[in-house]
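I opened my notebook beside the viewer to keep track of what I looked up. Here is the model I had on screen.

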Amino acid sequence: MADDEMRGRLLDGRLLARFVPLLRPYRRLALLGFALLPLISLTRAGQPLLLGLAIDRSIVPGDLAALPPLALLLLLLVVLEGALVFGQNYGVQLVGQRVMADLRRVSFARLQRLPPRWFDWQPSGRVVTRLTSDIEQVGELFGSGIVSACGDLMTLGMILAVMLRLHGPLTLLTFALVPLLVLALLLIRRPMRQLMRRLRAQTASLGAFVAERVNGMAEVQIFGQQQRSAAEFEALQQPYLTTALAWVRWETLFYASVHLFGSLTLAAIVYFGGGQVVQEQLSFGLLVAFIEYARRFFQPLTELASKFSVLQTSNAALERIFALLDEPLEPVGGTMPPAGAGVLGFEALSFSYQPQTPVLRQFDLQLAAGECVALVGDTGSGKSTLAQLLLGFYAPDEGRILLNGGDIAAMDKTALRRQIGYVAQEPFLFCGSVRQNLDPAGAASAERLAQVLAEAGAEALVTRLGGLDAPAIGPRGRNLSSGERQLLALARALLPQPQVLVLDEATSHLDGDSEALIYRALARVARRRTTLMIVHHLRLAAQVADRIVVLHQGRLVEQGSHAELLALPGRYARLWHLQQLQQQAQETRSAGRVTGEETL
Ligand SMILES: Nc1ncnc2c1ncn2[C@@H]1O[C@H](COP(=O)(O)OP(=O)(O)OP(=O)(O)O)[C@@H](O)[C@H]1O
């Protein structure tokens, strides 16, 4: 919540210095927006004057001939004001929208280049807020903030000058209540500012909560957590509602105060000015002009007071966006992976996510070109971490990873990842067609796509989905089974013809036909390239792998063929027997169910 509660100052020089260059590409339009402000103020300040003149020179003396030119002039002024306001507003909003689009583009581009570890601790709802509502707020900084605040100040100044010129004492009377009004507004704005900040933080928390629950809706439903979830949602929503209602109360009070002071001022002008008109010390036209000026004076004053919160929240949003833009990026550049057959080496590798909590310790492993090594071990023993290091998502604390003899630390990460086909434990598929998922750049030929689909054993699936271009994949690929997602992910990993294939528990939650299908596909692809296969089902390791490596608490403790490891009284043999027993128990249960069903 801390980030979203960021205070934001009214005028933050440091932030403005970074913001102004964003306007540079649109400086002509922005300057035009500023240049039109005095003209708009002039047209606004001129209208009551003309009204007064029309009353004094035509309506009161009954001179009808003097009315048309004044009325025409007034009409012209009103039309001119409308045209200028349209042009100015449109120009300023255009700049605001363009700046927002630029910021969104840059932020999204940088987001894609942030190191994966940054996302480990970022609720996705918050990241979405940065790129949507925060950037929207920044757009307001220029449009509804700085520019219109300048316009309001100019209008106020101009009205004041005209009023002083027309009638000093009445002007002083009009302004007698202004200091009181400003004091009242300042007093009201203080709690409003705090409420605004709280409201933003609570909105962000609600957003993050909903985003998380939407992602984990299956778990909520499986564990029957709907009521608890609803209660947690309510616990977040109630304070939000309380704050929102408090905000509404203060805002209403704010506008009511302005209205009250405005009406009091009008009453004072009518009382004193009216007396002067009766005593013939002031013309009736001038009194009407004054009343109109007083009315017009309170509008920009109110707007100006409400701009304070726009400026503050926009500054806070800008600060959060700049904080995102300042996040250190994943380094780019480096050497190209050397050409070769995919010889892979892990040398004395040590790594920890958190200091003092080692995950990998002095891990050594060599994979010959074309060899298939299965990595097995207890949960949390560091198997997936090894894949993450190989993909360059994290840098080892000690040791090296070598691909065809070259240290991957020095390699360009994009080029490195192109050489490593990776199928994650829970592959992520994007909404759209199979082709969009496999080949987003549309660079692969139809033959090549058919080839990888055949290799991954996904042809029948793609036919069933309506072909390569049918929009058959829903958000995250959730409308497909785990096995289907893995087959498509396998085809996607094979498409760039990687030297090395890393399969992270690709079969951990499959069974029956799905498992057999994936086993066949994996055996087929593993035969053709160096493969590091992280497995839970030792049966897969036994069937497919040339060598099995056992990891325990981040250390390599055993390695060899299935037969060799089974002959040892070690972890692998224990794990194997355990899995055999589990499988037998499962088969017995299934057989029991079938017999029961038959009896019924
Ligand atoms: N992003 C992360 N940040 C901090 N710690 C992490 C992170 N990812 C994993 N860990 C920790 O590192 C250890 C090893 O995790 P890893 O995912 O490599 O295990 P694994 O052997 O693949 O386990 P499993 O078989 O359950 O998938 C675990 O204790 C885990 O809590």
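**Ground rules.** I am working with a predicted model, in which local features need pLDDT of at least 70, side-chain atom pairs count only at pLDDT 80 or more, and totals for chains, interfaces and linings use all residues. Residues are numbered from 1 along each chain as its sequence is written.

**Entry 1, the whole chain.** I began with the secondary structure and found 20 helices and ten strands; helices (H or I, at least four residues) and strands (E, at least two) are DSSP runs, numbered from the N terminus. Next I looked up the radius of gyration, which is 36 Å, while a compact globule of 600 residues would have a value near 25 Å. That radius is taken over C-alpha atoms, and the globule rule is 2.2 Å times the number of residues to the power 0.38. Along the principal axes, the C-alpha atoms fill a box of roughly 120 × 60 × 50 Å. Of the 600 residues, 33% are buried; buried means 20 or more other C-beta atoms within 10 Å of the residue's own, exposed means 12 or fewer, and partly exposed is in between, with C-beta atoms placed from the backbone.

Which residues surround the ligand? I listed Asp120, Tyr353, Val359, Gly377, Thr379, Gly380, Ser381, Gly382, Lys383, Ser384 and Thr385, where near means a C-beta atom, placed from the backbone, within 6 Å. Helix 11 (residues 383-390) gives the most to this shell, with three residues. By class, the shell holds two nonpolar, seven polar and two charged residues. Ala, Val, Leu, Ile, Met, Phe, Trp, Tyr, Cys and Pro count as nonpolar, Asp, Glu, Lys and Arg as charged, and the others, Gly among them, as polar.

Strand 1 (residues 344-352) runs antiparallel to strand 2 (residues 358-367), joined by six bridges; strands pair if DSSP finds at least two bridges between them. Phenylalanine 351 stands opposite leucine 360 in strand 2. The hairpin of these strands has five residues between them, and glutamine 356 takes a positive phi near 70° there. Strand 1 also pairs with strand 4 (residues 398-403), antiparallel over five bridges, and leucine 344 faces leucine 403 in that pairing.

I traced six strands in the order 6-7-8-3-9-10, with mixed pairing. Strand 6 (420-423) and strand 10 (555-560) are at the edges with a single partner strand each, so one side of each has no neighbour in the sheet. From one strand to the next, the twist averages 20°; axes are lines fitted to C-alpha atoms, for helices over the stretch in contact, and angles run from 0 to 180 degrees between N-to-C directions. Strand 7 (residues 500-504) and strand 8 (residues 530-534) run parallel over five bridges.

Is glutamate 292 buried, partly exposed or exposed? I noted partly exposed, because 16 other C-beta atoms lie within 10 Å. Glutamate 292 is in helix 10 (residues 284-325). Beyond its neighbours within four places in sequence, glutamate 292 is in contact (C-beta atoms, placed from the backbone, within 7 Å) with Pro48 and Leu51. Alanine 218, in helix 8 (residues 217-222), counts as exposed because it has 9 C-beta neighbours inside 10 Å.

How values were computed: Two residues are in contact if their C-beta atoms, placed from the backbone, lie within 7 Å.
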